[in-house]
Amino acid sequence: MNFSQTNNKIVIDTNILFMAWYNPEGKCAKVLEKANEGKIEIYAPDSVKIKIFRILQEQRLSIREIEDFLSDFEINWTDKIIYERFIDKVKVKHKPDKPVEALAIALDCEILSADKHFKEKINIDKLLSSLDK
Amino acid sequence: MVKTISIPEDLHKELIRLKLDYGDKNVADMIRKLIVFYKQQRFLEHSKKFREAIKKQGISFEEFLKRAEKIREGVADELFPDK
């Protein structure tokens, strides 16, 4: 699936953020930098934020540190109330991924994920090349 | 909406000089660029801290992602128990 330039929004999944922090020279980091430059709007459900807090707290990071981490990127954290009614319409079977797809339906945009559960997702190379044009 | 902030005169001069050096249309555009640069620097610091935290746990990034997946499943059950 290709990124549509008519709608410059995308929804990202938890692992995109982890991959960016792990490899700041990688493709995921580059996409997030494009959001900081105002070239793309990135959205994520509030459930992704909750997951990141839990996961990084397991890594012994404080709440303050995690908040600092999350402020690296321009991400529009979206409340459950926006996407909840689309949860029953998602195709993905894996429960943790349902809010991501539901938000993509709510916003009428595509998903950037490293997760194998999503059959339809953005090709990151094509996304980056379209943003570099 | 446009807002004003008070800054010392020497900083004002420095901002105007930088605006001219960078060829920006206005100071706001230049400040936006500085914020992007600042965020990039902080991101690199956080990236280092993130890798160190994983290393301290004595696990690989792949193992970290596996553990993260279990937490994701737990959070999903809490948020959407009946889905």
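Start by selecting helix 3 of chain A, residues 46–58: at 1.5 Å a residue its 13 residues should span 18 Å, and the end C-alpha atoms are 19 Å apart, which agrees. The expected span is 1.5 Å times one less than the number of residues. Helices (H or I, at least four residues) and strands (E, at least two) are DSSP runs, numbered from the N terminus.

Before going on, note that this is a predicted model, in which local features need pLDDT of at least 70 and side-chain atom pairs count only at pLDDT 80 or more, while totals for chains, interfaces and linings use all residues. Residues are numbered from 1 along each chain as its sequence is written, and chains are lettered from A and ligands numbered from 1 in the order in which they are written.

**Stop 1: the buried face of helix 3**

Within helix 3 of chain A, pick out A:Ser47, A:Val48, A:Lys51, A:Ile52, A:Ile55 and A:Leu56, the buried residues. Looking down the axis of helix 3 of chain A, you will find its buried residues within an arc of 155°, so they line one face of the helix. That arc is taken from the directions from the helix axis to the C-beta atoms. Buried means that 20 or more other C-beta atoms lie within 10 Å of a residue's own; 12 or fewer make it exposed, and anything in between partly exposed, with C-beta atoms placed from the backbone.

Now show what covers these residues: the cover includes helix 1 (14–22), strand 2 (41–45), helix 4 (63–70) and helix 6 (98–107) of chain A, together with helix 3 (61–79) of chain B.

**Stop 2**

Select strand 2 of chain A next. Four of its five residues are buried, so strand 2 of chain A is largely enclosed by the rest of the structure. Strand 1 of chain A pairs with strand 2 of chain A in the parallel sense over three bridges; two strands count as paired if DSSP finds at least two bridges between them. Look for A:Lys9 opposite A:Glu41. Strand 3 (residues 75–78) of chain A also runs parallel to strand 2 of chain A, joined to it by four bridges, and there A:Thr78 is the bridge partner of A:Pro45.

**Stop 3: the nonpolar core**

The largest nonpolar core has 42 residues, and those with the most contacts inside it are A:Val11, A:Leu32, A:Ile42 and A:Leu112. Such a core is a set of buried Ala, Val, Leu, Ile, Met, Phe, Trp, Tyr and Cys residues joined through C-beta atoms within 7 Å. Helix 3 of chain B gives the most to this core, with six residues.

Centre on A:Ile42: beyond its neighbours within four places in sequence, its contacts include A:Ile10, A:Leu32 and A:Phe73. Residues are in contact if their C-beta atoms, placed from the backbone, lie within 7 Å.

**Stop 4: where the chains meet**

The contact takes 24 residues from chain B and 25 residues from chain A. On the side of chain B that touches chain A, helix 2 of chain B supplies the largest share, 12 residues.

**Stop 5: two positive phi values**

Finish in the loops. A:Arg60 lies between helix 3 and helix 4 of chain A and has a positive phi of about 70° although it is not a glycine. With 10 C-beta neighbours inside 10 Å, A:Arg60 counts as exposed. A:Asp108, in the loop between helix 6 and strand 4 of chain A, has a positive phi near 55°. A:Asp108 is exposed, with 9 other C-beta atoms within 10 Å.

Technical notes:
Two residues are in contact if their C-beta atoms, placed from the backbone, lie within 7 Å.
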